[in-house]
Amino acid sequence: TAYGAFVNDIVNETCPPIPDSVWERALDAKVRGEDPKKTIPEIARFEKIFDEVFQEHYCNKILLWREKEVPHSRNYYHLTYLYFEVRVKSSMSETQIQKEWEMFKPSFDVIYSDTCIGNGSIGDEQLHKSIRAMIKLLSSGSVSQKQLLLKELKNLKEKMPDIVHRDEIIRSISSLEGNLKDATKPIYCYLSIPMQKAMESQQQQMSNPDKIGRA
């Protein structure tokens, strides 16, 4: 989008270029459920700058647009969804996470309900993105917030078996159960592996454009 390009331009002007090899290490860490900011200084610096710029030039604008909508209307919930799709931060207090969850939950419920009845205006893709946003939000919280996340994920697995990616939701549930027993165990974010594979495939195609379309 135009806003996304605008934000990227500001970040690129501020942050030193990051080699592809560093991004690959970061992707590998995310797939393992690890936070690359904790082990890769370049990523920590980039995400700090990106978060500050994105918050000012994108997220705050979404909230301003949201304030102009009728509370609990479709547009109101859609803007809430957009806010959380891009905004979730990994370093928040339990109280902040609870406040964010109370803001996000009604929007998530609308997307969940519309997906159940096959409302094309929402679509499965928003549900998948909302699941990822929910995991990113609650997985960094307290034990009770992680237990709430576990309940939500199990409900999705049970009630929407033909819509959620079964292997992915099971992987997230299993890793979360492991983390609740041992907090040092990483929590896997739904669809991280397929997203990494798609990104790697795209990078390969960009690196070898002559091979695109060949058998």
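The crossing of α4 and α6 is left-handed in this predicted model. Here α4 spans residues 74–87, and α6 covers residues 124–138. The two helices pack at an angle of about 55 degrees. Their axes lie 9 Å apart. α4 and α6 are therefore oblique to each other.

On the α4 side, the contact is made by H78, Y81, F84 and E85. The α6 side supplies Q126, K129, S130, A133 and L137. Sorted by class, the contact of α4 with α6 has 4 nonpolar, 3 polar and 2 charged residues.

α4 also packs against α3, which runs over residues 41–67. The angle between α3 and α4 is about 165 degrees. An angle over 145 degrees counts as roughly antiparallel, so α3 is roughly antiparallel to α4. The crossing of α3 and α4 is left-handed.

From α3, the residues in this contact are F54, Q55, Y58, C59, I62, L63, W65 and R66. They meet Y76, L79, T80, L82, Y83, V86 and R87 in α4. The contact of α3 with α4 has 11 nonpolar, 2 polar and 2 charged residues.

The packing geometry of each pair is set out below.

| Helix pair | Packing angle | Axis separation |
|---|---|---|
| α3 and α4 | about 165 degrees | 9 Å |
| α4 and α6 | about 55 degrees | 9 Å |

Which residues of α4 meet α6? They are H78, Y81, F84 and E85.

Key: Residues numbered from 1 in each chain as written. Predicted model: local features only at pLDDT ≥ 70, side-chain atom pairs only at ≥ 80, totals over all residues. Heavy atoms only, no water. Axes fitted to C-alpha atoms, helices over the stretch in contact; angles between N-to-C directions. Helix = DSSP H or I, 4+ residues; strand = E, 2+ residues; numbered from the N terminus. Parallel < 35°, antiparallel > 145°, perpendicular 65-115°, else oblique. Left-handed = near helix turned anticlockwise from the far one by under 90°. Contact = heavy atoms within 4.5 Å. Nonpolar A, V, L, I, M, F, W, Y, C, P; charged D, E, K, R; others polar.
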